[in-house]
Every structure is written in C-alpha cells, then in structure tokens.
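Please walk through the helix packing and the aromatic contacts of the structure shown below.

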Amino acid sequence: MVACIVACGLATVCCFVFLGYDNFDLIGHWRICKYALLGIDPFPLIGKHAAIDAVGAIPKGFSTAPWSLVLGSVLYGAMLPIEVAKTYVLLLHGASIAVLAYIVHSRRERWGLQRTDVTIALLLVAVHFSLMYSIRYGNTGGVLCLFLIQAMLVADDHPWLAGVLVAFAMTKPQIAVPICGVMLLNGKFRTIALAAAIDLVSWGCASALTGTSPLGLLSEMGQYGVTSVRQYLGLLSPLRFFHVSPSVILAANVAIGVVFTVVLWLRVRSSSCRFKELMSYVPACAASVFWIYKNGTDFLILCLCAFFFYYLFAHVEQTRGRLTIALLGMLFMETSKVIVGVITYTRGRNLLLVDGSKSAEGLIVMLLTAYLVVRWTKVVREPSCLAESPAQGAVEAS
C-alpha cells in the first residue's frame, strides 16, 4: 500500500514537472468574472478582442454558468489583481484540503476508523493526479470536488453549511448535479434548497450587474460557449465520428449516468453495509466523470471511490485475487488521467483515439465502481449486523 501511494505521488509530481505551471484556466475564468463585476456582459466577448485592455481578452472556448459569474468571482479572486488571484487560488486548494482533514480527523472515532485509515484517506487526496492538474491550471475543479466531499460528510449535522458548499460546487454542474441528485434521494432537502437559493440569487445578481436578463445570460452561455470539435462529450463520445448527433450522444450519456447512479444507489440503500450514507454517493461520484463533458481537474471526486477500495484491501479481503482487484481499483481511481494524458499529449491529433481512450477510462470507472458497490454491500456490514451473520462477522473481523 505504501509503495502504491508513493508511486501515485511520483507519477503526479513527474507530470507536474513535465507540464509546467500554467494558470491558463484561472486567467480565462478570472477575466469572465472580472468583466461581470465591472458591469459588462462577458459572454459576447468570448474569443473576441478585449473590451478593457487591463482585463484582457477571454480565450475562445471559455464559458461558465450565469450564476458562476458571481460565485466564480469568489472562487477565482476576480475582486483581486490577477497576480494576487493566482496566489489566492493556490491557497484555496490548500485550505480546502485542511478543512477536509479537520472533518475527517474530528470524526475518526465516531466512524470507527484507525489513524492509518485517516492518513491514507488524506494521502489519496494529496497524491491524486487531478489535484495536481487543478493546481497546474489554476482551475477550481479540484476545490469543488473537495467541497462536495465535505458536504457529503457534514450534511447530516450541518445541512446549511453543506448547502453553501454545494452552491459553490454548482459552478461546475457537470460534477455537482449527480451528487445533488443523490442528496435529494437521501432526503437532504434543506441542503439542496439552500444551494438552489444561493445559485438563483447569484444568477439574479449577475443579471443586475451586466444589465442582461437572467434568461438572456443563459441563452448567451449556449450561444457563445459553443462546444468545440475537440470537446469530449462523455462515455459515448466516439460515436460522433460515426455521424451520430452530439445531442443524441449527450442524451444517451445522461441516461446511462442516471440509470447507473439510481440502480447502485438502490443497492446501497437496501443493504446493511457500513458507511451506508457515504457509500450511497459513490455511484454518483463515478457517474460524474462519464455522464457528460468532463475536465481533467474534475476527477478528484474519485478519491472517495479510491478510499473504499483501500478499505477493502486493508480490512476485508483475504484472497490474492480480491486483494489485487481492490489495489488496482484504488490505483486506477487515483491515476487514470495519467494514462489518458499520455495518449492525449502524444497522439493529440488523432481525435478518435483520444476520445476512445477517455471513453475507455469512463467505462473502466463505471465497471470498477459497480464491482465496488456490489462487493461492499455484500461483505462489509455494520457492527450491529454482524451478530446476525456469523460468516460475515468473520470476514469483517479479518
């Protein structure tokens, strides 16, 4: 296990050194939000000349949700000079990890975890490829993944705090929507209601600042933030090279993601497995990386899946085959983007190969998560249930 954690960390560091420090995403999002704060509708400026030289031009291909023009200003430090904002976003990543560490450490005894479990859980965040990717580009995708994990952990005790975290996470709906769906299924209505209220107010503020109606901003987002030819469309993305309409592909991907999430959620909720509440979010975390367009920074949400694979390896499995699957599952959830990244950077002109590798990655995540949920609900029981199943108790005790 130690060797695997070190290998993940070294792979991440090597990729960071090779790619360098860029901040490309930060600059694009900072400019979009800055224009909004200055009272200028940023959507018609995407890919055009700068309206204000001191702010700069918004690169082609950038876009954001209308409510993100305000909330994104907080995430990307649009109220600050760009050089200060770079440091601000870096500190935001560190602060998000520190808060998660506090939550996990403070609840260790309640959850019945060993100190080693907590240490490994935090290391799986720290060495994850997508955390490096998020820091490298100055993208807050990694931060939002951490916000969602924090929200999952505190929603029962602090539903309003969880609502604030989810509201910010909704600045990237492609990550947050599947998790929000499971929160609704789990009855976290106060959390979702507050998150929706914050996003709606932010949307209204963006409309007032820019002088564009709320629906006008939404229309412009679709008009100017158009899908590029190279943009990954989700699990079935390669079908576009066989003349299938992108809208059909996206609809099919969404349907697959929803069915996958709901079926496995039902499996978890009908079981007496340990950590049932948290495990119920795992299918949604996996679905969020293949159900629609995805950025490489957004895969940090899979560190939750990686932790459950670790737990199987460290506390449950005994046979060599099961141990191997658990270890490989953890490794894949941590470093799948390394493999895809190598293909993207070396064969970037072959769009079919790039899309195929991303879709294969999504399919493997899907299959591994299905295995994880089925295996977990079968063999990892709450301590109170072990007396009812002597055979299962022997497995858990091992």
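Lys337 sits over the face of Phe299, 4.5 Å from the ring centre; such a placement requires NZ of Lys or CZ of Arg within 6 Å of the ring centre and within 35 degrees of the ring normal. Arg136 is likewise over the face of Tyr137, at 4.3 Å from the ring centre. The model is predicted, with local features needing pLDDT of at least 70 and side-chain atom pairs pLDDT 80 or more, while totals for chains, interfaces and linings use all residues. Residues are numbered from 1 along each chain as its sequence is written, and side-chain values use heavy atoms, without hydrogens and water.

Lys337 and Arg136 also take part in a helix contact (heavy atoms within 4.5 Å): Phe129, Ser130, Tyr133, Arg136 and Tyr137 of α7 meet Glu334, Lys337, Val338 and Tyr345 of α17. The axes of α7 (residues 129-137) and α17 (residues 320-346) come within 7 Å and cross at roughly 55°. The two helices are therefore oblique to each other, a class left over once angles under 35 degrees (roughly parallel), over 145 (roughly antiparallel) and 65 to 115 (roughly perpendicular) are assigned.

Helix α3 (residues 68-76) is largely enclosed by the rest of the structure, because 7 of its 9 residues are buried, meaning under 20% relative accessible area with a 1.4 Å probe, protein chains only. Among the elements covering these buried residues are α2 (24-37), α4 (82-106) and α8 (141-154). Gly77 follows α3 and has a positive phi, near 65°.

Aromatic pairs, with ring centres within 6.5 Å, number 13 in the structure. Ring pairs join Phe275, Phe307, Phe308, Tyr310, Tyr311 and Trp376 into a cluster.

Key:
Axes fitted to C-alpha atoms, helices over the stretch in contact; angles between N-to-C directions. Helix = DSSP H or I, 4+ residues; strand = E, 2+ residues; numbered from the N terminus. Buried < 20%, exposed > 50% of the residue type's maximum accessible area, 1.4 Å probe, protein only. Phe/Tyr/Trp six-rings, centres within 6.5 Å; stacked < 30°, edge-to-face > 60°.
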